[in-house]
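Welcome, and thanks for taking a look. Here is a short briefing to read alongside the coordinates.

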Amino acid sequence: MASMPAAGLTLLIFSHFKPLSLVWASLPWLPDPFGSSAGAGLPAMGGRTKPGAAIIWDYHANYDRLPEGLAEVLTAISPTRSAVVKACAGSGKTWLLVSRMVRLLLAGAPPSELLAITFTRKAAEEMRSRLFEWLEFLATASDQAVVEFLHQRGLNELATRQSLPRARGLFGAVLQSVPGPTITTFHGWFLNLLERAPLSRRAPANLIEEVALLKTEAWQTWTESLRAPDKAQQAAALAELMVELPLESVRTLLFGLLEKRAEWWAWAEGRAAPVAEAIADFQCLAGLDEDSDLVAALSAEPGVRHALAEFCPLLADNAVGVKLDGERAEVLARLLEHGERMSVRDLESVFLTAKGEPLVRKPSPTLDKRLGAGRAARFLELHAVLAERLIQAKHALEEQSALRLNRLALIAGADLIDRYQAIKRQRDGLDFTDAEWLTLRLLSDPEESSALLAKLDARWKHLLLDEFQDANPLQWRILTAWLAAYGADPERPTVFMVGDPKQSIYRFRRAEPRVFEMAGDWLARNFAAGLYRQNETRRCAPRIVVWVNAVFGGLGDAYPGFESHSAHRADLAGWCETMVSPAPSPMPAAADGGLRDPLTEAPPTRQALRAAEAEGVAQRILEIVGHLAVAEAGGRLARFADILVLTASRTGLETFEEAFKSAGIPYLGSRRGGLLDALEVADLLALLGFLVMPHDNLKLAQALKSPLFGFTDADLVALRDAGDGSWFERLRAWLASGGAPDHARRALALLDDWRAAAGHLPPHDLLDRIFHQCEVEARYAAAVPERLRPSVQANLRGLLEQSLTLGSGRFPSLPRFLDELQALRRHAGDEAPDEPPAASGDALRILTIHAAKGLEAPVVFLIKADEERRGRDHYGALLDWPPGEERPSHFSVYGPSQWHGQARQPLFDQERDQAAKENLNLLYVAMTRAKQALIVSGLEGAKDDTWLARLQAGLAKAEFTGLPEMAFADCVIPEPAAARLKGWVPACAGMTTQTAGIGRRRSPSSPEIAFGIQVHRYLELATTGRSEAMLRLDLDLHEPQFQTVRAMADSLLNGPQSRRFFESGRACNELEYVSGDGQVRRIDRLVEYDDEVWVLDYKTGGLDEVDLGRRAEPYLDQLADYRKAASALYPGKRIRAALLFGDGQVYEVK
């Protein structure tokens, strides 16, 4: 680029970028081609010379066109000015933020002056990894690659060449910098600031991350403390609340206030009596006080009593045509006759419907005939006036109830908050909310903050804020307490803020999406920040983008501010589909109204609500894996690991997990609460529970029966009969008797060792020992089908990880750890923002949408899309905190609708609108996780405002003509999965598929099948030395049935041809293996001799056929597969296979 034309600028793009022309006028921030700055290179950080520009995008991508909004993006990452970027999903926000960091370092910023803040540790680690990966690339790549890299990040050619030596040295400079760049979370930064606070403001030393048990402890100790004389007011408030509400509702209400304690502190800040002032504030809003006798006032109101007296005879006369009016007239007459206080409830029965609306009364000739025209008109007039007055009275009474609820809840709740805080102080601990509040108070104190602000000014000159749509007002107040202190100081820090209000989905974690817009405006006014938009996604295929635009662009006022997206990769193939499954039919009524005999007849099973949907999703996954071409790794067929299954809530997920297990689909579930429901994790928790309570026989039995020890049912029966005392004592007695198998001896030795260690080892160390000594992962891997191994192993490792991360691994005892896990199970709400499980092997992942934030996958399933949006909680805190204000303008608590009142209805409406917007944001996040294929499932009959209905409408409007479509290699479901999914039709050809119904009852087992199972069991036990008494106990058959089973088993055990297989050789019964198609199969008996191995299969049916060859014909493929499996186990031996028939005959399969 030796010269540049005056009329415009042509940027020559290196390597795979094509030459592109840009109009100079559209890039006014570029260096003047006629001025001296054209080749000035990088400016000093204190100067105002702006660097040149070039194409910007990831050097790993083979993109041949410029991203939309290039000029804005290039300006945003320029290191010389502040910027706010509103970027859509998949547009590369992390790329922009880390590119800005690289530009700052290139421009001479010391690494220690960079402060990047995000919301999760995972995001911070990703940012840090990306930065060091790029710096290493700059240090080690070829000159040409580095030049291209810098061009992509906004440097012109001359500046790039001049910056090359510095770029080469950035990696070493950052590694050697002490301190280096700070990349952290908001709470990590707050804790960092608190460490710098003066001694008078010293924060507690211990961070408490898991607070479920702490809250329970606070509740228990608080209620006990109310016995003290100085707690009479709080005790009375709690007692009154419990008269009005159930105990669990009271707990929910007060814990809701506890969750909003930071907002309560902000509202109460500087107020002498915050509870009293909050109550007075609500009274002012309501326009009445709690003590007013509204019923007496209504009863004594002359106009009302006169109108009721006039209305009563008219109502009685109308009873001629309306029978109920006669009863209403009687009620009204009694009210007028008795006392001065009329019952509002009785008046409601006269004038209002059950919904609280006026009874419908209209003029009609019939009414005129009954009452006369004049009286009829007066009747209607009085009814309308009195009904309206009654509704006003009813609303006033509800307002009083709301006032009373607030008074009681605030008196009790404020004291509960104090108790919760006191417990943390006793432990020198703080939680994340404390970190926010203490930091704000520190920076807001004019005397104490000056030293800290000076430290901030000296340390950090460049602030980068990631995912700022998730910020809350308190966090913004902390930032402005720092940034506003600079005023117009030219040495103020630069600020780079990036986010997307459409992806704000954490209001339950106190996030306020309006803060992003307000913060952007504030930075534009006070820091001259440029405001930029990026609506081109690098992630999603054009078909996905078109569907997103059709859904959200068509919402209008329901989703204001949405701007149409475009796809950067125009050639990326996509697939869009909805799957609608039938809802289950209602359970049939009992025939003839008879009662079921519970001793002989099992209760009817209720089909899972989403069984059909789950089976359909499982089938579609099997159609996709190995059949749908994805663009990963240059193009290949889809794997299970390419699939994300997303859901808005965890409710009903067990139905999908069961369907995936039945279809042999490996999957990983979400962490935390859901992890504890996995069977393998339950086995380990049972083991740990036994170590805490050795007399818990049930937990010991579960652990022994699990793959950890491999006890059979017969082993447990023998253990039961081994003596007296606990089962652990019986295990010891069984071994002392000499009749116990080797695996029982192993179990006792391990349990003794772990019991001795449980008292002094931390939970993680104890679990680590169990994993090592018991070979936990290997044993479970051998016990489950190959396709399920990744999910099982991920769950096992997840428990081990929880023991290290839960409470930072600081639990002093095993019981405390188990208590915290149980609290986690109870309190892991449906929308908890779980950290997603790490990918492990070829397994799909099932995640909540909250957990999937920041992830992407070639194929995404959005399940249960017909679910209706859940309403707000029945109890909690209601507040209004306008963005930019220092404190909430309103704070109150609420209960069910009858406790709302009318004065706060605008606040409830605002809350409802914000919740509806967030629900749509959640859908946006789910759709934009898909790189190529998005498949949405749900049940038929979805309401208009559900996701499924909106998605179906959007799909019908979307114009896909000319957009690349993904290709299926074929639509054949691999066997034997197809056999388990009968009734399903491959849906490769359709955009919307209708799944077939499932859930028919399985036919009962035939007597022949049951007999075969009993003979197999008899042979298994008899060949391992079990006594006849043990056989009778295990089979639990009537004597004639037992004799029939024994006779056939004896024919096999003692038959002339078959006897040798039970008298010699090294044998193994019921040997399980995983076949090539991932299915678990079982060899009845395998016998190893010195020179050969026999694979044997028992057959008890078809004995009427004389020709053994014909008898054997249906089982030849089965025996061939057995032989193949045995060949892998005994590669140096001859493998022979035979069928052993119940009549004692043997047929060898050649």
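**Cysteines**

Cys-88 is buried, with a relative accessible area of 0%. Please keep in mind that this is a predicted model.

- Cys-284, by contrast, is exposed, at a relative accessible area of 65%.
- Searching the whole structure turns up 0 disulfides.
- For Cys-88, the closest cysteine sulfur belongs to Cys-540; at 7.9 Å, it is too far for a bond, given that a disulfide needs the sulfur atoms within 2.5 Å.

**The parallel sheet**

- An open sheet is built from 6 strands, ordered S5-S4-S8-S9-S3-S10, with parallel pairing.
- Its edges are strand S5 (182-185) and strand S10 (530-534), each of which pairs on one side only.
- On average, neighbouring strands here are turned by 15° against each other, direction ignored.
- Strand S4 (residues 114-118) and strand S8 (residues 462-465) run parallel and are joined by 4 bridges; Ile-117 stands opposite Leu-465 in S8.
- Helix H20 (residues 473-483) packs on the sheet, where it touches S4, S8 and S9, and its direction makes about 165° with that of S8.
- Helix H2 (residues 93-106) lies across several strands, including S3 and S5, and runs at about 165° to S9.

**Helix H22**

- The 12 residues of H22 (residues 542-553) should span 16 Å at 1.5 Å a residue, and the 15 Å between its end C-alpha atoms agrees with that.
- Because 10 of its 12 residues are buried, H22 is largely enclosed by the rest of the structure.
- Among the buried residues are Trp-547 and Phe-552.
- The packing partners of the buried H22 residues include helix H35 (905-927), strand S22 (930-939) and helix H36 (947-957).

Technical notes: Residues are numbered from 1 along each chain as its sequence is written. This is a predicted model: local features need pLDDT of at least 70, side-chain atom pairs count only at pLDDT 80 or more; totals for chains, interfaces and linings use all residues. Side-chain values use heavy atoms; hydrogens and water are left out. Helices (H or I, at least four residues) and strands (E, at least two) are DSSP runs, numbered from the N terminus. The expected span of a helix is 1.5 Å times one less than its number of residues. Buried means under 20% relative accessible area, exposed over 50%, partly exposed in between (1.4 Å probe, protein chains only). Contact means heavy atoms within 4.5 Å. Two strands pair if DSSP finds at least two bridges between them. Axes are lines fitted to C-alpha atoms, for helices over the stretch in contact, and angles run from 0 to 180 degrees between N-to-C directions.
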